[in-house]
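This briefing is meant for a reader who is meeting the structure for the first time. It moves from the overall fold to helix packing, and then to individual residues and backbone details.

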Amino acid sequence: MSQFWSQRVQELDPYVPGEQPKDQQYIKLNTNESPYPPSPLAIEAMHAAVNDSLRLYPDPNADDLKQAIADLHGLDRSFVFVGNGSDEVLAHAFVALLKHDKPLLYPDISYSFYPVYCNLFNINAVRIPLNDQFEIDPADYSQSNGAIIFPNPNAPTGMALPLDAIEQILKANPESVVLVDEAYVDFGAQTAIALVEQYANLLVVQTLSKSRSLAGLRVGFAIGQPDLIEALERVKNSFNSYPLGRVEQAGAAAAIRDVPYFEECRAKIIATREQTETSLTALGFSVLPSGSNFIFAKPPEGQSAEALYLSLKEKGILVRYFNKPRISDYLRITIGTDSEMQQFLDCLKA
């Protein structure tokens, strides 16, 4: 530890992103990126934004992007907040809405950034165990709390809660913010955005990294009633008034508006996921039901998930292995193209 580090930095256990090795070309099935390129309209919009105006600051409110998101969901623009990836949006929410005297509740098997933010922002939290089937049980969230956060579909399991289960949590916690982290919702779950006008305590966070193939652009957004959005804006404007540049705003707005391309890519990923689930089951894997663009699978009895991960890496295929309690026997496998998934399956068979 450096003598110059603050006490807070010394106490941090930072988030570890998926591997991005540069030693060779890999088939990357480890970071839940889209296997398909961004919308051609988004590429065109970003090219058009690269001009002399880059000498000027971007719109700090990102009004056109917010309007595109609002129009997509039939809401007023005041219901929308945007940020530098959903991770930044979540970070602002932890400060603005999830930090209270009573504890924050979140699943014990969940997005590993949640405990990092709790430590960074000194938030008292209680981890709620998933049940034996790796499901979130809404009844477990009826206990005393200051706020609640969970992904839907969950990560890394990929399992999704139906909308009525989310509504059950909302009804049981009218005095607490319930944040639903929907990074993977477009691949098989119901979005809770349909409930935001009804529930003042609901905030939904999404990203353009997955279903809109813009992981390299870093754009995320939140949707909730204006009171919650104002809290996020206050934190954002106390931290960085210009989180999204002109190019990012232009590309993201075009991607949101290009619904046909979004639907085409999403359908291909879902179809490939279903085919891969069938193939893995035939090879003896135990596969959890997925509503995401990845699969969480346990190798056949007698096979080590860690050894399989290392063997696949040697063959140029990256999957994600978590050496953590309850899930160390599983691999998380991002859905690639049909060709990439066939190469992955061929390696498994070999």
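Throughout, two residues are said to be in contact when heavy atoms of theirs lie within 4.5 Å. The model is a predicted one, and its secondary structure comes to eleven helices and 13 strands. With a radius of gyration of 20 Å, close to the 20 Å that the globule rule gives for 350 residues, the chain is as compact as a globular protein of that length.

**Overall shape and burial**

- Taken along the principal axes, the box filled by the C-alpha atoms of the chain is roughly 55 × 50 × 50 Å.
- Of the 350 residues of the chain, 52% count as buried.
- The structure holds zero disulfides; as for individual cysteines, Cys 118 is buried at 6% relative accessibility, and Cys 265 is buried with a relative accessible area of 2%.

**Helix α9 with helix α11**

- Helix α9 (residues 259-282) and helix α11 (residues 338-349) have axes that come within 11 Å and cross at roughly 10°, and the two helices are therefore roughly parallel to each other.
- On the α9 side the contact involves Thr 272, Gln 275, Thr 276, Ser 279 and Leu 280, which meet Asp 338, Met 341, Phe 344, Leu 345 and Leu 348 of α11.
- Sorted by class, the residues of this contact between α9 and α11 are five nonpolar, four polar and one charged.

**Helix α4 with helix α7**

- The axes of helix α4 (residues 85-96) and helix α7 (residues 226-236) come within 9 Å and cross at roughly 105°, which makes α4 roughly perpendicular to α7.
- Val 89, His 92, Ala 93, Val 95 and Ala 96 from α4 meet Ala 231, Leu 232, Val 235 and Lys 236 from α7, and the residues of this contact divide into seven nonpolar, one polar and one charged.
- Ser 86 also lies in helix α4, where it counts as buried at 10% relative accessibility.
- Leaving out residues up to four places away in sequence, Ser 86 touches Val 205, Gln 206, Thr 207, Val 219 and Gly 220.

**Buried faces of helices α5 and α6**

- In helix α5 (residues 113-120) the residues Phe 113, Tyr 114, Val 116, Tyr 117 and Cys 118 are buried, and the buried residues of α5 pack against α4 together with the strands β3 (104-107), β4 (125-128), β5 (147-151) and β6 (177-181).
- Helix α6 (residues 163-172) has Leu 163, Ala 165, Ile 166, Glu 167, Ile 169 and Leu 170 buried, and what covers the buried residues of α6 includes β5, β6 and β7 (202-207).

- Tyr 309, found in helix α10 (residues 305-314), is buried with a relative accessible area of 13%.
- Apart from neighbours within four places in sequence, Tyr 309 is in contact with Glu 19, Val 319, Tyr 321 and Leu 331; the C-alpha atoms of Tyr 309 and Tyr 321, twelve residues apart along the chain, are separated by 6.6 Å.
- Pro 325 lies in the loop between β12 (320-321) and β13 (331-334) and is exposed, with a relative accessible area of 70%.
- Although Pro 325 and Asp 108 are 217 residues apart along the chain, their C-alpha atoms are separated by 9.8 Å.

**Backbone details**

- Most residues other than glycine have a negative phi, and most peptide bonds are trans.
- The peptide bond from Asn 152 to Pro 153 is cis, with omega near -5°, and the bond from Ala 155 to Pro 156 is cis, with omega near 15°; Pro 153 is found in the loop between β5 and α6, and Pro 156 lies in the loop between β5 and α6 as well.
- Just after α5, Asn 122 takes a positive phi of about 55°.
- Ser 213, in the loop between β7 and β8 (220-224), has a positive phi near 60° and is buried, with a relative accessible area of 12%.
- Arg 218, found in the loop between β7 and β8, has a positive phi of about 65° although it is not a glycine, and at 30% relative accessibility Arg 218 counts as partly exposed.

Notes: Residues numbered from 1 in each chain as written. Predicted model: local features only at pLDDT ≥ 70, side-chain atom pairs only at ≥ 80, totals over all residues. Heavy atoms only, no water. Disulfide = S-S within 2.5 Å. Buried < 20%, exposed > 50% of the residue type's maximum accessible area, 1.4 Å probe, protein only. Axes fitted to C-alpha atoms, helices over the stretch in contact; angles between N-to-C directions. Helix = DSSP H or I, 4+ residues; strand = E, 2+ residues; numbered from the N terminus. Parallel < 35°, antiparallel > 145°, perpendicular 65-115°, else oblique. Nonpolar A, V, L, I, M, F, W, Y, C, P; charged D, E, K, R; others polar. Rg over C-alpha atoms; globule rule 2.2 N^0.38 Å.
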